[in-house]
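Trainee: I've got a model open and I'd like to talk it through. Can we go step by step?

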Amino acid sequence: MLSDDNPEAAEKITESLAAMEDAWYTGGSVEEGYDYGYNGMLEIAEDNYGFASEYGGPMEMEADRTVSVVHADSDYCAFLITSYYFTGGVHGTYSTEAVCFDSQTGERLTLDSMSSELADRKSGSAGMPRP
């Protein structure tokens, strides 16, 4: 992915995605929102195990996480991160999040950085109503 055009940015993006994955599986925190994941699932599984032990029934645990490239060009690249875990009960839990990076710098993009209109609305400048 764009490594021929900008290997430094590609490496930075790869490192950022790897850190997010590591945080999900270890319970570490890369940034706000990434202090959950596999360790949280283990806590839920432990609670479910106590219930299953007391009342009978099977105890199963499953986790899956995938990262898919949904867009990549010289301006930005976008990924979908899909997580699933099952710790017992009637269904598992799914989540999907999008992550975007600047292809030139490797910096993670936020809505604020991608939209001056949104930033103007948040600040109340340019006479725009706040969201």
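Trainee: Which residue of strand 3 does Tyr-84 stand opposite?

Mentor: Before that, a word on what you're looking at: this is a predicted model, where local features need pLDDT of at least 70, side-chain atom pairs count only at pLDDT 80 or more, and totals for chains, interfaces and linings use all residues. Residues are numbered from 1 along each chain as its sequence is written, and side-chain values use heavy atoms, with hydrogens and water left out. Strands here are DSSP runs of E with at least two residues, helices are runs of H or I with at least four, and both are numbered from the N terminus. In strand 3, the residue opposite Tyr-84 is Tyr-94.

Trainee: How many bridges does strand 2 share with strand 3?

Mentor: Two strands count as paired if DSSP finds at least two bridges between them. Strand 3 covers residues 93-102 and pairs with strand 2 in the antiparallel sense. The number of bridges is ten.

Trainee: Which residue in the turn between strand 2 and strand 3 has a positive phi?

Mentor: Those two strands form a hairpin, with six residues between them.

Trainee: How many residues of strand 2 are buried?

Mentor: Buried means under 20% relative accessible area, exposed means over 50%, and partly exposed is in between (1.4 Å probe, protein chains only). Strand 2 spans residues 76-86 and is mostly covered. Out of its eleven residues, the buried ones number eight.

Trainee: Is Glu-46 buried or exposed?

Mentor: Glu-46 sits in helix 2, residues 38-55. Its relative accessibility is 64%, so Glu-46 counts as exposed.

Trainee: How far apart in space are Glu-46 and Thr-87?

Mentor: Along the sequence, 41 residues separate them. From C-alpha to C-alpha, the distance between Glu-46 and Thr-87 is 8.5 Å.

Trainee: What pattern does the chain follow along the sequence?

Mentor: The chain has four helices and four strands. Read along the sequence, the pattern is α-α-β-β-β-β-α-α.
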